[in-house]
Amino acid sequence: MKGKLIILSAPSGSGKSTIISHILEKGLPLEFSISATSRPPREKEKEGKEYYFLTPEEFKRKIQENLFLEYEEVYPDCFYGTLKSEVEDKLEQGKNIILDVDVAGGLNIKKIYGSNALLIFIRPPSIEELQRRLEKRGTETEEVIRDRISKAAYELELASQYDTVIVNNDLATAIEETILIINKFITYENRNLSGIV
């Protein structure tokens, strides 16, 4: 039987990556989908582990050849995307895949896979709390934080198009809720999501 797709999206700073790493540690029958990027590897990042590293030219060629399920050009020549082969091969083997993609990318993938994909939106308690978390990180400039907050406001408007929304007010609770929904989705035979969310 074909595997299922679980897609997590959230505004930057909502705790999505933390939630995903906790889920993967719990030993659920899930495989993480590795994204492709055209940015150079950062310290300790390895090809095929954190990302598939492509040159901007290679990335653009793959876009032309329609090899991505979704992609985004974050700034000129800096792309991130999900390769079709990375997902399709695993689904055919009956593996369930968890994806970490931006909000628009998640909606694009849902259009392709329909009820075989579960869209989970991780929501911060408020825009103010999101701003506080981004500032606390201390890794971005004020300008970058401003951009992320305005993008987050737009992304929060799209949350209603997701199958379910989990508010990350308390990390442990958000992880628990996410695992519960994923388990239901994986074990649910009927492909209609109304019995799950």
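**Figure 1. Salt bridge between Lys 90 and Glu 31.** In this predicted model, Lys 90 pairs with Glu 31 through a salt bridge (a side-chain nitrogen of Lys or Arg within 4 Å of a carboxyl oxygen of Asp or Glu), and the closest N and O atoms are 3.5 Å apart. The pair links distant parts of the chain, 59 residues apart: Lys 90 belongs to helix H3 (residues 84-92) and Glu 31 to strand E2 (residues 31-32). Helices (H or I, at least four residues) and strands (E, at least two) are DSSP runs, numbered from the N terminus. Lys 90 is buried at 13% relative accessibility, whereas Glu 31 is partly exposed at 28%. Buried means under 20% relative accessible area, exposed over 50%, and partly exposed in between (1.4 Å probe, protein chains only).

**Figure 2. Salt bridge between Glu 31 and Lys 95.** The closest N and O atoms of Glu 31 and Lys 95 are 3.4 Å apart. Glu 31 lies in strand E2 and Lys 95 in the loop between H3 and strand E7 (97-100), so the pair ties together parts 64 residues apart in sequence. A network of salt bridges links Glu 31, Glu 86, Lys 90 and Lys 95.

**Figure 3. Salt bridge between Lys 151 and Glu 72.** Here the closest N and O atoms are 3.2 Å apart. Lys 151 is in helix H6 (residues 142-158) and Glu 72 in strand E5 (residues 68-75), 79 residues apart.

**Notes.** Residues are numbered from 1 along each chain as its sequence is written, and side-chain values use heavy atoms, leaving out hydrogens and water. Local features need pLDDT of at least 70 and side-chain atom pairs count only at pLDDT 80 or more, while totals for chains, interfaces and linings use all residues.
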